[in-house]
Amino acid sequence: MIFSAMAASGAPPTLIYPRKSNQSYCYTGISSVPTHPQKKQKKRRCDYFDLSKEFVPYEKAWSWQKLIVKQRQVLIEKNEDFADTLLILQHHPVYTLGTSSSEEYLKFDIKDAPYDIYRTERGGEVTYHGPGQLVMYPIINLRYDKMDLHWYLRALEEVVIRVLSSAFSIKGSRVDGLTGSWVGSQKLAAIGIRVSRWITYHGLALNVSTDLGPFQQIVPCGIQGHQVGSVKSLLEESVSPSIEGGVGDNLHLNACELLDAAYDSLLAEFSEVFELSLHLRPVSDLDLLKEKC
């Protein structure tokens with residue numbers, strides 16, 4: 001099926017095609033490593049929800065994000081917005097499109113898609129989410145960081161680049177004119193965001209042990225001539241010139257161990273780059289969002 005973007009109220013998505021069997025941003029071009037705009041006297045609190053070992057339906061995670069954004073905006077008006085939020089999870093197989101994505105980047109009949117398709121309000125073109133890919137949805141008030149979307153995108157890229165280095169001894173980089181985190185010509189992390197009154201949502205997706213087959217059915221992020229890679233596939237390329245020393249020590253890791261290592265490092269580097277103090281919240285609190293909103 002393909003669904004269109006839901007209203008900010010969290011209403012059910014609109015079905016466009018049955019399957020037979022505010023602004024959005026995705027800026028490019030800035031390649032410098034971001035630095036935090038100013039040292040904070042005290043790290044701001046960030047509540048995070050760990051669903052990293054679960055496959056969350058895309059519609060549910062999308063709804064949670066919008067309900068949290070709505071709640072945060074109410075708190076801002078009351079001057080009571082004291083904590084940011086982070087969701088980290090995996091999805092069931094799904095394709096998502098950005099607000100202005102072109103269907104020409106789909107290599108199948110949209111009325112007979114291999115997986116559900118959602119058209120969202122994020123920036124960027126089509127991408128795939130599925131098992132083995134860790135997705136981070138930061139819901140951050142940029143008023144406490146830097147009200148600069150270029151800076152925010154570069155900071156998300158920096159998180160992934162640090163994770164690749166610290167957890168896997170893989171040398172990640174940026175590519176001029178393109179958003180995301182790369183190793184050579186392979187894109188390992190896609191980034192697409194939406195910002196509403198300086199509150200961010202949507203985010204980044206890092207391919208850890210992802211089946212890369214579904215990417216063959218699309219032109220990922222609308223970028224021709226580039227490949228999509230994963231941590232697992234790179235570690236299996238023991239002679240790759242893009243990988244630093246120490247790779248052999250990681251080759252024995254199975255998919256679950258790779259996901260655990262990526263998860264731990266993502267939290268650590270996210271906390272460091274954004275200077276946030278992370279606090280685990282019970283997943284059950286997400287089910288209370290509708291009641292509060």
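Residues are numbered from 1 along each chain as its sequence is written, and side-chain values use heavy atoms, without hydrogens or water. Because the model is predicted, local features need pLDDT of at least 70 and side-chain atom pairs count only at pLDDT 80 or more, while totals for chains, interfaces and linings use all residues.

Q: How many salt bridges does a search of the whole structure find?
A: A salt bridge here is a side-chain nitrogen of Lys or Arg within 4 Å of a carboxyl oxygen of Asp or Glu. One of them joins the side chains of Asp 285 and Arg 281 at 2.9 Å, N to O. The search of the whole structure gives 17.

Q: Which residue meets Arg 72 in a salt bridge, and where does the pair lie in the chain?
A: The N to O distance in the bridge between Arg 72 and Asp 84 is 2.7 Å. Arg 72 belongs to helix α1 (residues 58-77) and its partner to strand β5 (residues 83-91), 12 residues apart, so the pair links distant parts of the chain. Helices (H or I, at least four residues) and strands (E, at least two) are DSSP runs, numbered from the N terminus. The partner in β5 is Asp 84.

Q: In the salt bridge of Asp 47 and Arg 45, which residue is partly exposed?
A: The two side chains meet at 2.6 Å, N to O. Asp 47 has a relative accessible area of 8%, which means that it is buried. At 37%, the partly exposed residue is Arg 45.

Q: Which residue caps the N-terminal end of α4?
A: Helix α4 (residues 255-274) reaches 28 Å from its first C-alpha to its last. At its N-terminal end, a side-chain oxygen lies 3.1 Å from the backbone nitrogen of Cys 256. This is a polar contact, a pair of N or O atoms within 3.5 Å; within protein, one must be able to donate a hydrogen and the other to accept it, and residues adjacent in sequence count only if both atoms are side-chain atoms. The capping residue is Asn 254.

Q: How many bridges join β12 to β13?
A: Two strands pair if DSSP finds at least two bridges between them. β13 also pairs with β9 in the antiparallel sense over 4 bridges. β12 and β13 form a hairpin with 2 residues between them, and Arg 197 in the turn has a positive phi of about 50 degrees. These two strands run antiparallel, and the number of bridges joining them is 8.

Q: Why is β13 largely enclosed by the rest of the structure?
A: The reason lies in the burial of its residues. β13 is largely enclosed because the buried residues number 9 of the 9.

Q: Where is Thr 210 found, and what is its C-alpha distance to Pro 131?
A: Thr 210 is found in the loop between β13 (199-207) and β14 (227-228). At 6% relative accessibility, Thr 210 is buried. Thr 210 and Pro 131 are 79 residues apart in sequence, and their C-alpha distance is 6.1 Å.

Q: In which strand is Thr 96 found?
A: Thr 96 is buried, at 0% relative accessible area. Contact means heavy atoms within 4.5 Å, and beyond four places in sequence Thr 96 touches residues including Tyr 58, Arg 122 and His 129. The strand, residues 94-97, is β6.

Notes: Buried means under 20% relative accessible area, exposed over 50%, partly exposed in between (1.4 Å probe, protein chains only). The expected span of a helix is 1.5 Å times one less than its number of residues.
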